[in-house]
Amino acid sequence: MPATGRPIDRLRRLAEEGGLTPRVARTLPVQQAVEAHRLLEAGGLRGRMVLTF
């Protein structure tokens, strides 16, 4: 990455404009963090686990 920081600025702009679409595999309440960790360790998920607080 160049020292100018331009790539990170581009990512910031994309995020602000809604141009990034994160892939969410599952959303679980924070009380189920142990289950979320178990699912991550098992593998096979496409996307991120999201814990809600």
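What pattern does the protein chain follow when read along the sequence? The answer is α-β-α-β. Before I go on, a word on the source: this is a predicted model, in which local features need pLDDT of at least 70, side-chain atom pairs count only at pLDDT 80 or more, and totals for chains, interfaces and linings use all residues. Residues are numbered from 1 along each chain as its sequence is written, and side-chain values use heavy atoms, with hydrogens and water left out.

Back to the pattern. The protein chain has 2 helices and 2 strands. Both kinds of element are DSSP runs numbered from the N terminus, with at least four residues of H or I for a helix and at least two of E for a strand. Helix 1 covers residues 6–16, and strand 1 covers 24–29. Helix 2 covers residues 33–42, and strand 2 covers 48–52.

Now the overall form. The C-alpha trace of the protein chain spans about 40 × 20 × 15 Å along its principal axes.

How much of the protein chain counts as buried? Of its 53 residues, 9% do. Here buried means under 20% relative accessible area, exposed means over 50%, and partly exposed is in between, with a 1.4 Å probe and protein chains only. The protein chain exposes about 4,600 Å², and carbon and sulfur atoms supply 55% of that area. Accessible areas come from the Shrake-Rupley method with a 1.4 Å probe, and for residues only the protein chains shown count as cover.

On to contacts, meaning heavy atoms within 4.5 Å. Among contacts in the protein chain with a separation of 6 or more, 19% are between residues 24 or more positions apart.

Next, charge. There are 9 positive and 5 negative side chains, and the centres of the two sets lie 6 Å apart. Lys and Arg count as positive, Asp and Glu as negative, while His and the chain ends are not counted. The place of a charge is NZ of Lys, CZ of Arg, CG of Asp or CD of Glu.

How many salt bridges are there? The count comes to 2, a salt bridge being a side-chain nitrogen of Lys or Arg within 4 Å of a carboxyl oxygen of Asp or Glu.

One of them joins Glu 16 and Arg 12, at 3.2 Å from N to O. These two residues are 4 apart in helix 1, so about one helical turn separates them. Glu 16 counts as exposed because its relative accessibility is 58%, whereas Arg 12 is partly exposed at 40%.

Glu 35 forms a salt bridge with Arg 38, with the closest N and O atoms 2.7 Å apart. Both lie in helix 2, 3 residues apart, about one turn of the helix. Glu 35 is partly exposed, with 29% relative accessibility, and Arg 38 is partly exposed too, with 44%.

Arg 6 is in helix 1 and is exposed, at 63% relative accessibility. Arg 6 and Gly 43 are 37 residues apart in sequence, and their C-alpha atoms are 34 Å apart in space. Ala 42 sits in helix 2 and is exposed as well, at 60%. From Ala 42 to Thr 21 the sequence distance is 21 residues, and the C-alpha separation is 24 Å.

Then the loops. Pro 22 lies in the loop between helix 1 and strand 1, and its relative accessible area of 64% makes it exposed. Its C-alpha atom is separated by 8.0 Å from that of Arg 48, 26 residues away along the chain.

Which residues does Arg 46 touch, not counting those up to four places away in sequence? They are Arg 23 and Ala 25. Arg 46 is in the loop between helix 2 and strand 2, and is exposed, with a relative accessible area of 60%. Between Arg 46 and Thr 27 there are 13 Å from C-alpha to C-alpha, for 19 residues in sequence.
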